[in-house]
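Student: I would like to go through how the elements of this predicted model pack together. Can we take it step by step?

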Amino acid sequence: LSEQTLTPDATQQNSVTPKLLAILASVRPGRVGLPVAEWFSHRVREHGGFDLELVDLADGALPPLDEPNHPRLRRYTQEHTRTWSAIVDSAAAVAIITPEYNHGYPASIKNALDYLNQEWRHMPLGFVSYGGVSAGTRAVAQLRQVTGALGMIPVATAVTIPFVAQLLKDGEVEGNETMDGAATAMLDELTELYRVLGQLRVHA
Ligand SMILES: Cc1cc2nc3c(=O)[nH]c(=O)nc-3n(C[C@H](O)[C@H](O)[C@H](O)COP(=O)(O)O)c2cc1C
């Protein structure tokens, strides 16, 4: 979420190709999340159904929630909130890329979700999670509860990557058939959902 990525690309809002907003939740130095996000970005490009905008929460553009009003009112006082709002508004679908910390999601993604409200409503949602034996699935289970409160609509297929450390080769994630197949299925389902949900999205 650098200054650069914080400038919403107005052309994307009118383009024929819908935008997939991928949010990288992991923010710590040396994170595996970055190579996972790079692997997923390749899959999105190969799939071809979406333009990708990758927002990296490690860029620090979103401080801990600093808005005085409830987000559902959209009475934002901070420039970073208005920019984040525009980025999410212009997305046709969202993919959250997340590790699992202490059987839950990282605080960064909760903060990014809490900033907004209507912008998330009826948003097609996919998950890319990774970790050890549990592949981040407990983090995703918790995120389903939070994103459900915001009215986001998850697709059935998720990309779940167990033992992610074993897939790292020279700092890159080497995918496999299972991962590639899940990514394609998830992107297909997101495409189906955005086609019907797009008309329900609120753009105040
Ligand atoms: C604070 C912390 C808590 C963790 N808790 C879990 C956990 O509950 N379950 C799990 O499978 N892995 C856990 N791990 C291991 C992570 O799956 C692994 O470190 C992974 O690389 C984290 O993603 P990241 O590198 O993008 O931060 C934890 C790691 C950290 C740093």
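Student: Is the crossing of α2 and α6 left-handed or right-handed?
Tutor: Take helix α2, residues 33–47, and helix α6, residues 177–197. Their axes come within 10 Å. The crossing of the two is right-handed.

Student: How many nonpolar residues are in the contact of α2 with α6?
Tutor: From α2 come Trp39, Phe40, Arg43, Val44 and His47. The α6 side includes Met179, Ala183, Met186 and Leu187. By class, three residues of the contact are polar and three are charged. The nonpolar ones number seven.

Student: What is the handedness of the β-α-β unit that β1, α2 and β2 make?
Tutor: Strand β1 covers residues 19–24 and strand β2 residues 51–56. They pair in the parallel sense over six bridges, with Lys19 bridged to Asp51 of β2. Together with α2, the two strands make a β-α-β unit that is right-handed.

Student: Which residues in α5 meet Ile109, Lys110 and Leu113 in α4?
Tutor: Helix α4, residues 107–114, packs on helix α5, residues 137–149, at about 10°, with the axes 11 Å apart. That angle is why α4 is roughly parallel to α5. By class, the contact has four nonpolar residues, one polar and one charged. On the α5 side, the residues are Leu143, Val146 and Thr147.

Key: Residues are numbered from 1 along each chain as its sequence is written. This is a predicted model: local features need pLDDT of at least 70, side-chain atom pairs count only at pLDDT 80 or more; totals for chains, interfaces and linings use all residues. Side-chain values use heavy atoms; hydrogens and water are left out. Axes are lines fitted to C-alpha atoms, for helices over the stretch in contact, and angles run from 0 to 180 degrees between N-to-C directions. Helices (H or I, at least four residues) and strands (E, at least two) are DSSP runs, numbered from the N terminus. A crossing is left-handed if the near helix is turned anticlockwise from the far one by less than a right angle, and right-handed if clockwise. Contact means heavy atoms within 4.5 Å. Ala, Val, Leu, Ile, Met, Phe, Trp, Tyr, Cys and Pro count as nonpolar, Asp, Glu, Lys and Arg as charged, and the others, Gly among them, as polar. Two strands pair if DSSP finds at least two bridges between them. A crossover is right-handed if, with the strands pointing away from the viewer, the path from the first strand over the helix to the second runs clockwise. Angles under 35 degrees count as roughly parallel, over 145 as roughly antiparallel, 65 to 115 as roughly perpendicular and the rest as oblique.
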